[in-house]
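Subject: Structure for your review

Dear colleague,

Please find the structure below, together with its sequence. My notes on it follow.

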Amino acid sequence: IMIALTLPMLIQDGMFMDAVLYTSVSHNLSQGIGTCWFPQFSPRNLAIDGVNGFLEQPPLGYWIQSLFFRLFGSSMYVERFYTFLMMCISGGFIVALWRSIYKSNAEIKGMGWLPLILWITIPVCFWSFSNNMLENTMGVFILGAVLFAYKSCCGKTAFLNSVIAGLFVFLASFTKGIPGFFPIVVPALWWLVTRKSTFGSALKQTAVILLVPALVYCALFIFPESRESLSQYLFKRAFQRIGEAPNVGSHFYILFRLFSELLPALIFVIVVFIIGGIRNIRAFVSEHLRLSLFFICIGFCGSLPLMLTRVQKGFYFVPSLPFFAIGFAIITAPIICQWISKIRQAGRLHKII
């Protein structure tokens, strides 16, 4: 399904404009045009006063992609392979997170395909992975951050997992800026929604996850070139655009767009509940509701803060979509698992399917 939804677009000429810009900057960097801290799109870039490079976003995404151009050449299929690889790695993280959730339930643990399908069939999600959007790269790091933050909430090696989660938060924010910080809410949400930890442990884990990127950025601001690059991005690009360049008429646009994108997955959940029967729903939902709400709340924390500004586009919340998919999968997986077991018992029907 992942290949079927993205490959037809990936093998064609042409991409969304933002993807073309990011790819061009990465390719230029691979050819020695521009520097790591001041990448270049063209001699004038986007002609923004006071900005002397293409500093639409922090540079990590350009750095990574430029390595692919250096290794594999200048074909357009290099960028297509890159974005396809980001999709595959994201899918791997989703399955890893699912298996971590159900490590003690062998039957449901093997159903990692369910959140994967719910995720990739969200229209803006497979559109983003059909184009070379920076959200694809940031999404990989977001998933890594949430995976290790979740492990820090559940496991014994809380400090080490929190440090690793903090490193992933840094990588996410170093790819796409402020939106990359939203995984820091995971320990607080775990305590608030599931009540399986204490307020003190949630506070400590949050502090560690936040401290790691803070220390890295403090180190980067010591050096003049990195300080100049990040300052220009933050103050002359990000904050200025938020205040002066709205592209939607209402702060609530993103809420409507999110609902419309999640509608197919919501319909799927409703259909499963209807077929599963009221009694089964009560039994299964009461057991899995808190865990489902936990991941759905993570998704909202990655998407609803976009309402604070009127600079909103549908693909901005792509990194938050895996958590909605996982949340929906959690409340439907027990019912679907029961259906699968009945099909297996049927013998001939199982072989036909």
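I begin with Leu167, which is partly exposed, with a relative accessible area of 42%. (Buried means under 20% relative accessible area, exposed over 50%, and partly exposed in between, with a 1.4 Å probe and protein chains only.) Leu167 lies in helix α9; helices (H or I, at least four residues) and strands (E, at least two) are DSSP runs, numbered from the N terminus. Between Leu167 and Val216 there are 49 residues in sequence, yet their C-alpha atoms are 8.9 Å apart in space.

Please note that this is a predicted model, in which local features need pLDDT of at least 70 and side-chain atom pairs count only at pLDDT 80 or more, whereas totals for chains, interfaces and linings use all residues. Residues are numbered from 1 along each chain as its sequence is written, and side-chain values use heavy atoms, with hydrogens and water left out.

Overall composition

The protein has 16 helices and 0 strands. Of its 353 residues, 50% are buried. Contact means heavy atoms within 4.5 Å; among contacts between residues at least 6 apart in sequence, 77% join residues at least 24 apart. The protein exposes about 16600 Å², of which carbon and sulfur atoms supply 69% (areas by the Shrake-Rupley method with a 1.4 Å probe; for residues, only the protein chains shown count as cover).

Salt bridges

Side chains of opposite charge can pair when their charged atoms come close. With a salt bridge taken as a side-chain nitrogen of Lys or Arg within 4 Å of a carboxyl oxygen of Asp or Glu, the count comes to 3.

One of them joins Lys176 and Glu135, whose closest N and O atoms are 3.1 Å apart. This pair links distant parts of the chain, 41 residues apart: Lys176 belongs to helix α9 (residues 158-176) and Glu135 to helix α8 (residues 134-154). Lys176 is buried at 10% relative accessible area, and Glu135 is buried at 2%.

Another joins the side chains of Arg80 and Glu79, at 3.2 Å from N to O. Both Arg80 and Glu79 are buried.

Arg257 and Glu261 also form a salt bridge, at 2.9 Å from N to O. About one helical turn separates Arg257 from Glu261, because they are 4 residues apart in helix α13. Arg257 is partly exposed at 23%, whereas Glu261 is buried at 7%.

Helix α13

This helix (residues 253-276) has 24 residues and reaches 34 Å from its first C-alpha to its last, close to the 34 Å expected at 1.5 Å a residue; the expected span is 1.5 Å times one less than the number of residues. Where does α13 kink? A kink of about 50° lies at Leu263, shortly before the proline Pro264; the bend at a residue is the angle between axes fitted to the seven residues ending there and the seven starting there. The buried residues of α13 include Ile254, Leu258, Leu262 and Phe273. Just after α13, Gly277 takes a positive phi of about 95°.

Ser152

Ser152 is in helix α8 and is buried, at 1% relative accessibility. Its side chain reaches the backbone oxygen of Ala149 at 2.6 Å. Not counting residues up to four places away in sequence, Ser152 touches Ala158, Asn161, Ser162 and Gln205.

With kind regards

Key
A polar contact is a pair of N or O atoms within 3.5 Å; within protein, one must be able to donate a hydrogen and the other to accept it, and residues adjacent in sequence count only if both atoms are side-chain atoms.
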